[in-house]
Amino acid sequence: MGGCCSHNVPVRGKVESEVDDGEYENDHSTHVTYERDGARVIMKGSTMFVSMDCQQGKKGVNQDALTAWEDFIGEKDMIFCGVFDGHGPLGHKVSQCVRDNLPLKLSEAIKMAQQKACRFYDANESETGSCYDDLYDENNHNMSLAAWEGCFLKSFDEMDEHLAREVNTDSYCSGSTAVTIIKQGDQLIIGNLGDSRAVLCTRGDRDQLIPVQLTVDLKPELPSEASRIMKCEGRVFAAEEEPDVYRIWMPDDDCPGLAMSRAFGDFCLKDYGLISAPDVFYRKLTNQDEFVILATDGVWDVLTNIEAINIVASAPRRAIAAKMLVKRAVRAWRYKYPGSKVDDCAVICLFLDEQPVISQSNSNSNSNKSGSHGSRSKRHRHRSKSTRNEDTETVDGKVGVELDEEWKALGGLVRANSISKLPRLARNISKRQASKYYKES
């Protein structure tokens, strides 16, 4: 492979290079794509912007699923990516059903929102003249944040209703999480349901790699989630054999013990606090932002955010970035939990520009400022209100919420942290506004 930049991580008690010469030399992923609804749907492999990989663990059938749609809703500058983690006896069927149907439902919701925006501009143009015509021409595909959130809420709700009606998928005690992202131009809209995660890699002032956590792991021990569950008579506690894993239980029976607070399916718990409404997040991209990782908890249970972005940045080719991350996660499972079965792992890497990623061996180094990174614009970067922990990991902005208290509490949230003592989160006040977006006047 030649001399590739690498990142050093501890493996089996020693420091090992993230890139082994020749390890991926003969790797040629098979592309699996088809056309649907004006988009190019990618089920496997890689493109200029997307690298994907999914590996079955040792727990039985692979319950992870993933997909990417380029030219989403027929728009050339729009990409949709989604990673889905099934659980329960038929979790693989649920995750596959969500993978195949959620993008279509979200696409229809976005088209409806765009039509409403078009009618709004047309009505105002007739009243105010050509100034609205110019505004519409420049922003005819841009929607308000409330409209974006409304699209995600509507499509996720419809997806859950579809699962309830689907005769081929018994989702009473089976379900799936979802972490989804839409990129349009310099905008990222993220919809998260459950405990998978989205992490952005950006460049700091000294050209170091910085992970920005775009989602919050929605687990039962989060104070706001636990409060909702208990108000619905569900129970939240950790079993004696797993003192660090909090789960949702039915009021009068110690089952099913679900380890996330939001999910598709799992209708046995929908009356007891489990919901399918996603948290929706927004970020305006800058020239320093390089790629986004979407991955199931099989990756995040064993790798930190900083480790993950350095593995992807060290990839000699974008096409194998996701495969490298999955392989390192499997290796970390075997090292950290030798007595446990490796979990399924699914990863999508969404690259934000057409240039190859130039990685560096030390994220604190000031080298590699030449080339494409050296030519980056030095204008002031947009920053969401977020905090940084010792690993410089951050949580980015949430749609429609004042960030001061809620996101300071969750800044740098990683799985290793204890989150049972965090202050109660503020209520998402934008849900009411977003849900009204689709009501008829």
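Trainee: What should I know before reading the model?
Mentor: It is predicted, so local features need pLDDT of at least 70 and side-chain atom pairs count only at pLDDT 80 or more, while totals for chains, interfaces and linings use all residues. Residues are numbered from 1 along each chain as its sequence is written, and side-chain values use heavy atoms, with hydrogens and water left out.

Trainee: How many helices and strands does the protein chain have?
Mentor: The protein chain has 10 helices and 19 strands. These are DSSP runs numbered from the N terminus (helices: H or I, at least four residues; strands: E, at least two).

Trainee: What percentage of the residues count as buried?
Mentor: Of the 441 residues in the protein chain, 55% are buried. Buried means under 20% relative accessible area, exposed over 50%, and partly exposed in between, with a 1.4 Å probe and protein chains only.

Trainee: Which residues have the most contacts inside the largest nonpolar core?
Mentor: They are F72, I110, I182 and F264, in a core of 33 residues. A nonpolar core is a set of buried Ala, Val, Leu, Ile, Met, Phe, Trp, Tyr and Cys residues joined through side-chain atoms within 4.5 Å.

Trainee: Which elements give two or more residues to this core?
Mentor: Those elements are β4 (39-44), β6 (64-70), β7 (78-87), α1 (91-128), α3 (145-165), β8 (175-184), β9 (187-193) and β16 (279-284). The most comes from α1, with nine residues.

Trainee: Which residues are in the other core?
Mentor: F291, A295, I309 and C349 are among the 32 residues of another core, which lies apart from the largest one.

Trainee: Turning to the backbone, which peptide bond is cis?
Mentor: The bond from C255 to P256 is cis, with omega near -5°. P256 is placed in strand β14 (residues 253-258). For context, most peptide bonds are trans, and most residues other than glycine have a negative phi.

Trainee: What is the phi of I73, and where is that residue?
Mentor: The phi of I73 is near 55°, a positive value in a residue other than glycine. I73 sits in the loop between β6 and β7.

Trainee: Is I73 buried or exposed, and why?
Mentor: I73 counts as buried because its relative accessibility is 9%.

Trainee: And where is E233 found?
Mentor: E233 is in the loop between α4 (223-231) and β12 (235-238). Although E233 is not a glycine, its phi is positive, about 75°. E233 counts as exposed because its relative accessibility is 55%.
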